[in-house]
Structure formats: C-alpha cells, structure tokens
Amino acid sequence: MPEFLLTFYDVFKNTYKGFLQAGLLTIEITAIAIVIGTVLGVIFALMKISNSKVLQTIANLYITLIRGTPLIVQIMFLYFGITSIIVLDNFWAGAIALGVHNGAYIAEIFRGSIQGIDKGQREASLALGMNSSLTMRRIVFPQALRRAIPPLGNQFIITLKDSSLVYVIGVSELFGLANRVAASNFKQFETFLVVGLYYLILVLIFSALLKWYENKLDVDK
Amino acid sequence: MIKAENIHKSFGDLNVLNGIDMEVRRGEVVVLIGVSGSGKSTFLRCLNFLELTNEGVITIDGKQVNQKKDNLAKIRAEVGMVFQHFNLFPHKTVLENVMEAPLMVKKMDKVQVKKMAHEILQKVGLSEKAEVYPNKLSGGQKQRVAIARALAMQPKVLLFDEPTSALDPELVGEVLQVMQNLAEEGMTMIVVTHEMKFAKNVADRVIMLDEGVIIEDSDPDTFFNRSTNERTLQFLEMVDV
C-alpha cells in the first residue's frame, strides 16, 4: 500500500470516534438552523408579498442585510452580540446565526414559488368564498411548497456545509474538530481529506432523503 | 336577484366598462356575447368582485356587494363561478376539490359534505373519477368538475366565464349539456360564451356588449332573427349561427 493511503487510514482509525460525535453536532446545528430558517423564511416571504408597505420594508431590509454580508461576519456579530445580552453557549449562538442567515434565502425561495402559482388558483378559491388566509393556507401554499422543494433542498445542503463556519466561535463540529486534529497530528492533508469525506457522505444521505420526499409529494406519478 | 347599476371599470387609461345597467331575475339564464375586448368577461368578474369596479353598485339577492372582506367572502360563497381554464386545485383529488369550500367556508359536517359531493359528481357524470387528480382528466371532465365544485356551495347564481373556450371541439358538448340541465332545473345563470347554439336554445335573454356598454338586450328569438341593431347584425354575420 502506498505511504499516503497508510497515513490516511491511520488518521481515519485514530479519529473516527471523535468525528462521529462531531458529525452528530454538525447534524444538530444544521437541523436547528433549517427549522429556524424555514420558519423565518415563511414569515418573511409572506411579509414580502403582503399589501403592507411596512412589512415589505422590514422583510426587504432583513433580506438585503443578510445577503449583503458574509455568513462568517454574521456568526461573529450574533455570537458577540447575543452573548453580551443573554447567556448562550456557542452551539446555540452558531445554530441561531446559521438559521437567521438561511431565513433570508429561504424567504426568497418561498416568495418565488408562491408568486409562481397561477393566479387562477387564487381567484377560484376566492370565488368559492374562501378568504385570503384560507386561500393561502389551503390552496396556494401547499402548491408553492411542492414547487419550493428542489430549491429548498439545495439550500439545506448549503446550510449543512455552511455549518462548518461556526468553528470560528469554537464549536467542535466536524470542521472545528478537523482543525484541532490537524494542529496536533500535523497530517493536514489526510485530516482534511477525512473530514471532506464525512461531509460528502452526509450530503449524499441528505440528498437521497430529499429526493425521496420530492417523489412522495409528486401527484403527477 | 342580481342588479348592476352604472358599472364602470378601467385598467389604467383603458376604459373597459362604460356604465352597465343590468338586472337578472331568479331562474333566468342570461348569455353575454360580444367581440373580444367588449368587456363581457370583465363585467362578469366585477359581479363577484374579482375585479374591483371604479364606479357603480352591485346588489346580489338584496345585499349590496362592497369591498369589506367579510361581506365579500359571504357574497362570493353564494355566487358560483366557472372559469375558462377550469382552475381546479391540482393538489387535491376531484372529490377534495368539490368538498373544499363547503368544509372550509360553510364548516359543514365532513360525512354530509362527502355524501353531497358524490351526489353532485354523479349529476355531472363523474362519480367514477372521485378519487382521481385533475391532471388525469380531459378538458371536458375538468370543466364538469369545476361546475360540480361551484355547485357544492349551493350558489344562488352561477357565473360562467367562457366555459368551453379552452376545450377541444369534441368536448364542448358534454359541458354544455351539464349547463343545459342546470338551466332546466331553474339555476340562475349568467354565461359569457361564443356558443351561439347554447344562446339560442337555452338562454332566456341574450345581452350584447360592445365597447363596454350594452347595445342589445332581448330574447334569443328576437336577437337572432329580428334584430335591427347594426352592430348585432355585423356580429351575427361574423359568427357561425
């Protein structure tokens, strides 16, 4: 066996227990961020398409600020901002920052998919005597959600990979641990290769789940 | 039953309706015809406020339609509408399409609604399609489901906006038949259509719109055989009667 593969195997064998735990942390942060991001996304999408100028402005401001600044800055900003007001560990600060960040992108995904639904659907619903909120809840949103799933899936995968950035506030998720491992074993190349593989496996599992869900919702089949 | 007084509507600089007065009695079948751009569809959409009028008063069953949300939803619940492009809800089965509004708006009991929905589907000849999604239906079947969906709210009047214009010619008949049956049962109907045969055979009154005003309002016999209105004569020459 070539030398490099031997070292790679060594690094893998010596670190997999730690990486399994770190991987769990990555999944947890990602899941929390997705939940927060989706809730914020729906709220801000509805604000953006509402008739209220005030709500529209707030939503636009949020989306512009988030999209206009790097995630890593937002994580630092939120971490030092929040923790100066309330006691919050770095795990939660990171998950919240990642969620708030994703909310802006998810809002745009929902806005696009809601506005992409044929206006005849809304008219038919209103003509039946359903009010605006019933129409949104029962007719427009369920169709928009179906349409949003492929781009949402994409965004969720980006979230998973972006979770690596919370290492800057000291969370020991996959990337954070890889950094520490590499600093102590001096096998940078092999260590980051190992952690890259872990991310790849997670993304593949995640993609398969999304694909399965998309198929399940597809009424054309 | 329905009364429209001095209805004006414009889109930007374009005046579509220029003062329409019309009254429809209970059980009457009124067909609106006119060249495209004459304002007939817009007028129909004004009747349940899918388009907001710039001026004028609409009264349905003694109640004035205004833009307040509660009032509007209540009135719309009593005015069924059938669209050119069906607008069925694609994420719901045929049965769910029909059940949706009675369940959500009238808050009727589910078992009762289901029974009623099956009866209505039978009436439009589609009981065997109850569990199917709309994308599996032909255009004619879709439109019959749309009629069933409107009927499920037990409306006092049905508005039809070119219900057969998007259909293949061989599918037009089945939809017109359902509409004719409804007319015979005494349903009040206002129909925008290019189907002159339907106007001739089923309508009680034919109303001709031109440039946003009513230029003729008469019974089908007078309209098709004895009209003296120049624009009507021109129109009848253009269409195949």
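Buried area is taken as the accessible area (1.4 Å probe) that two parts lose on being put together, summed over both. The model is predicted, with local features requiring pLDDT of at least 70 and side-chain atom pairs pLDDT 80 or more, while totals for chains, interfaces and linings use all residues. Residues are numbered from 1 along each chain as written, chains are lettered from A in the order written, and side-chain values use heavy atoms, without hydrogens and water.

About 1900 Å² is buried between chain B and chain A, 60% of it on carbon and sulfur atoms. Of the area that chain B buries against chain A, 28% comes from F89(B), H91(B) and M104(B), more than from any other three residues. The contact (heavy atoms within 4.5 Å) takes 25 residues from chain B and 19 residues from chain A. Between the chains there are 2 salt bridges, defined by a side-chain nitrogen of Lys or Arg within 4 Å of a carboxyl oxygen of Asp or Glu. In one of them, R45(B) is joined to E123(A), with the closest N and O atoms 2.6 Å apart.

Chain B also holds an open sheet of 6 strands in the order β6-β7-β8-β3-β9-β10, with mixed pairing. Strands are DSSP runs (E, at least two residues), numbered from the N terminus, and two strands pair if DSSP finds at least two bridges between them. β6 (79–82) and β10 (213–218) of chain B are the edge strands, each with a single partner, so one side of each has no neighbour in the sheet. β6(B) pairs with β7(B) (residues 157–161) in the parallel sense over 4 bridges; G80(B) has L158(B) as its bridge partner in β7(B).
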